[in-house]
Amino acid sequence: MPTFTVPAFAARRLVAVSGVALLALAATACGPDTSSGYGGNSSSSAAAPAATASAPAAGGSSGVRIVAANSPALGPIVTDSAGRTLYRFDKDTAKPSASTCTDACAAKWPPLTAQDPVKVTGVDSTLVGSVTRPDGTKQVTLNGWPLYRFAGDTAAGQTSGQGVGGTWFASTPEGKKAAGMPGQASTPAPAQTPSAAQTPSAAPSQGGYSGGY
């Protein structure tokens, strides 16, 4: 059987062609990662949602706000950001600030508390402070007077806590006692408001509370 011998120069050329083919194959395999960027984009796109998801957490707390408002029944008063009237208690003190409404009283007159700085709208921020309550929470004060909401107010604009017990009054933007008779809503209700004003005992009886609160 005849035996064929490949000349030396042909063997060298075959090796060179094989090497070029291998290099081309390697370049093709690595090409998408470097030229198209798909490989890099896939890893960066996976990281992007994590960065986006963490963004809202950075500024998350809305905090407490005191808003100057005008009540048709009481005139200038302050409310919280939801429009709930804020009150002050004559048995508290402003200098120094001290809250005497605790336990059952605090259940009927929830203190306005805040851990973060209080925001204001239409109120002098220099008048806003805080006092530490007996339970350790920080209660917001206005011109030294601790502020409260009233459990009897079930909607924004109501001022049914005005005059209760002769010691509770809506606070003005200056921290003083609001004048006027109590009203149920920010929109005047002629059929109801006069009847509440006719009887001196109407204000304390609205909340049904005795004992000064």
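Visitor: What kind of aromatic pair do Y87 and W109 form, and how do you know?
Guide: Their centres are 5.4 Å apart and their planes stand at 80 degrees. The limit for pairing is 6.5 Å, and an angle over 60 degrees counts as edge-to-face. The Y87 and W109 pair is therefore edge-to-face.

Visitor: Is Y87 buried or exposed, and what about W109?
Guide: Y87 has a relative accessible area of 0%, and W109 also comes out at 0%. Buried means under 20%, so Y87 is buried and W109 counts as buried.

Visitor: What kind of aromatic pair do Y148 and W168 form?
Guide: Here the centres are 5.0 Å apart with 85 degrees between the planes. Since edge-to-face starts over 60 degrees, the Y148 and W168 pair is edge-to-face.

Visitor: Which elements hold Y148 and W168, and how many residues apart are they?
Guide: Y148 lies in the loop between β9 (145–146) and β10 (168–170), and W168 is in strand β10, 20 residues apart. This pair links distant parts of the chain. Y148 and W168 are both buried.

Visitor: Which residues do ring pairs link into a cluster?
Guide: The cluster holds Y87, F89, W109, Y148, F150 and W168.

Visitor: What makes R88 and W145 a case of a charge over a ring?
Guide: The charged end of R88 is 3.9 Å from the centre of the W145 ring. The distance limit is 6 Å, and the charge must also be within 35 degrees of the ring normal. The charged end of R88 is listed as sitting over that ring.

Visitor: What does the side chain of R88 have for a polar partner, and which residues does R88 touch?
Guide: A polar atom of the R88 side chain lies 2.8 Å from the backbone oxygen of G175, against a limit of 3.5 Å for a polar contact. Beyond four places in sequence, R88 touches several residues, including W145, P146, W168, G175 and K177.

Visitor: Is S97 buried, exposed or in between, and how do you know?
Guide: Its relative accessible area is 24%. Buried needs under 20% and exposed needs over 50%, so S97 is partly exposed.

Visitor: Where is S97, and what is it in contact with?
Guide: S97 is in strand β5 (residues 97–98). Leaving aside neighbours within four places, S97 is in contact with V131, T141 and G144. S97 and V131 are 34 residues apart in sequence, with their C-alpha atoms 6.2 Å apart. The side chain of S97 also reaches the backbone oxygen of G144 at 2.7 Å.

Visitor: What about P182: is P182 buried or exposed?
Guide: P182 is found in the loop between β10 and α4 (193–198). With a relative accessible area of 3%, under the 20% cut-off, P182 is buried. Its C-alpha is separated by 7.2 Å from that of G163, 19 residues apart along the chain.

Visitor: Where does pLDDT stay under 50, and why does that matter for reading the coordinates?
Guide: One such stretch is residues 20–61, with 6 contacts beyond four places in sequence. Another is residues 185–211, with 29 such contacts. Where pLDDT is low, the predicted coordinates should not be read in detail. The mean pLDDT of the chain is 72, and 56% of its residues reach 70 or more.

Definitions and conventions
Residues are numbered from 1 along each chain as its sequence is written. Side-chain values use heavy atoms; hydrogens and water are left out. A polar contact is a pair of N or O atoms within 3.5 Å; within protein, one must be able to donate a hydrogen and the other to accept it, and residues adjacent in sequence count only if both atoms are side-chain atoms. Contact means heavy atoms within 4.5 Å. pLDDT is the predictor's confidence in each residue, from 0 to 100. Rings of Phe, Tyr and Trp (its six-membered ring) pair if their centres lie within 6.5 Å; planes under 30 degrees apart count as stacked, over 60 as edge-to-face and the rest as tilted. Buried means under 20% relative accessible area, exposed over 50%, partly exposed in between (1.4 Å probe, protein chains only). Helices (H or I, at least four residues) and strands (E, at least two) are DSSP runs, numbered from the N terminus.
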